Amino acid sequence: MSYIQHGTSAFRKTSLALFAGGFNTFAILYYTQPLMPEFSKEFGISPVTASLSLSLTTLVLAISMIIVGSLSESWGRKPIMTVAMVTASVLTLITAFAPNFHTLLVFRIFLGAVLAGLPAIAMAYLGEEIAPASLGAVMGLYISGNSIGGMGGRVITGALTDLWNWRIAIAAIGFLGLILSIVFMILLPPSRHFEARPLRFKSLLRSLGNQFKDPGLLILYALGFLLMGSFVSLYNYIGYQLIAPPYSLSQTLVGFIFIVYIAGTFSSTWMGRMADTHGRPFMLWMGLMIFLCGALLTLSPLLVIKIAGIIIFTFGFFGSHSIASSWIGIRAVHEKAQASSLYLFFYYAGSSIGGTLGGIFWSSYGWHGVIGMIACFLTIALLLSLLLARLHRQQAAA
């Protein structure tokens, strides 16, 4: 059976389906991010406590992805992804009726467990079904779906919160998720190269352990942690700064700040293609440098320069993530779903830990503290990328 090639009808359907899946995943996962100042006002909680609406979700998501990714080796790829998307959308609708913040957190915890079904499996599905020469392009489109979903979810919740309230905003995200789930289910081709395996607990633990034996995979896992920890920290607390003086922006305008995700939509696709042409090591290093420069620019007190920094920061993040995530499917020889799950485990663990840690720096040192933490994360990531490039050259020469 042939693999799906760029330019074919199957490639277009797969790209659109995974784009819809990525959009839905990030819109549902991150719709609370622009609402954190609203939670602080309505429920009388601190920014660090409000950040738990995202941090707890991503932490449970990270743990659940290891389990779900392993289950997909036995149960199949598309069925689990479809059920995950539909259930997550329904849970989002229910969350809109949460009577207090503690109940909202419980719903978000359940959401993290359910939502793991798509990101834990999507990269494995693409690695199995897409021709290697076309993998960078389709992975870039999937990541661009993530970026537009993250942007769309935040813009929608910000605008609808100003027009009505945050509950209607969350309900709108849930309804949109149901529509995208149907699109995903109809368009995504069934797996043709997937081979089901009996689910055995001992062999599962052994195969998971094998994913830690490759130093290249270990570096990619660490990069996922550092990339997402940096990204979420900036976006978690930028709203608090922009709503306060001297900027005093409205919730709608703060929500529209997330429209800079368009830069991520472009960079994930473009840098994915450039990686196919110019090599992953070089393009990953370039993406990380752009990422760091953008973070430093947000230290400017001028709003226009701060927003420019956010755009550059977003461009660098999605480009770097696109390259690192596609590298997992190539680097992992066996149990690609488990390798992808582990990458995303560290990726979302970075979101949970980095997002909460950023709140501590925000409370203690303000915006300079948040950017100082991000700069440390990305400096480590740059050093790791150089080590990964060295391993890549050694593997190519062997």
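Biologist: Which helix holds serine 233?
Modeller: This is a predicted model, with residues numbered from 1 along each chain as its sequence is written; local features need pLDDT of at least 70, side-chain atom pairs count only at pLDDT 80 or more, and totals for chains, interfaces and linings use all residues. Side-chain values use heavy atoms, without hydrogens and water. Helices are DSSP runs of H or I, at least four residues, numbered from the N terminus. Serine 233 falls within residues 215-243, which form helix α11.

Biologist: Is serine 233 buried or exposed?
Modeller: Buried means under 20% relative accessible area, exposed over 50%, and partly exposed in between, with a 1.4 Å probe and protein chains only. The relative accessibility of serine 233 is 0%, so serine 233 is buried.

Biologist: What is the volume of the largest cavity?
Modeller: A cavity is a set of points on a 1 Å grid where a 1.4 Å probe fits but cannot get out, and lining residues have an atom within 4 Å of a point. Volume is the space filled by probe spheres set on the points, joined across faces, edges and corners. The structure holds two cavities of 30 Å³ or more, and the volume of the largest cavity is about 60 Å³.

Biologist: Which helices each supply at least two residues of the lining of the largest cavity?
Modeller: The lining includes Phe26, Met123, Tyr142, Asn146, His321 and Tyr348. By class it has eight nonpolar, two polar and no charged residues, where Ala, Val, Leu, Ile, Met, Phe, Trp, Tyr, Cys and Pro count as nonpolar, Asp, Glu, Lys and Arg as charged, and the others as polar. The helices that each supply at least two lining residues are α7 (119-129), α8 (132-163) and α16 (336-397).

Biologist: Which helix gives the most to the lining of the second largest cavity?
Modeller: The second largest cavity holds about 40 Å³, and its lining has six nonpolar, four polar and no charged residues. Among the lining residues are Gln33, Pro37, Tyr235, Asn236, Gln251 and Phe258. Two helices, α11 and α12 (251-257), each supply at least two of the lining residues. Four residues, the most from any helix, come from α11.

Biologist: At what angle do helix α13 and helix α14 pack?
Modeller: Helix α13 spans residues 261-278 and helix α14 residues 280-297, with their axes 7 Å apart. Trp270, Met271, Met274, Ala275, Asp276 and His278 of α13 meet Arg280, Phe282, Met283 and Gly287 of α14, a set of six nonpolar, two polar and two charged residues. Axes are lines fitted to C-alpha atoms over the stretch in contact, and angles run from 0 to 180 degrees between N-to-C directions. The packing angle is about 145°.

Biologist: What is the relative accessible area of glycine 272?
Modeller: Glycine 272 sits in helix α13. Leaving aside neighbours within four places in sequence, glycine 272 contacts Gly136, Ser267 and Ser322. Glycine 272 is buried, with a relative accessible area of 4%.

Biologist: Which residues contact glycine 112, leaving aside its neighbours within four places in sequence?
Modeller: Glycine 112 belongs to helix α6 (residues 101-115) and is buried at 0% relative accessible area. The residues in contact with glycine 112 beyond its sequence neighbours are Thr57, Val60, Leu61 and Ser64.

Conventions:
Contact means heavy atoms within 4.5 Å. On a 1 Å grid over the protein atoms alone, a cavity is a set of points where a 1.4 Å probe fits but cannot get out, and a pocket is an open set with protein on both sides within 12 Å along at least five of seven lines; lining residues have an atom within 4 Å of a point.
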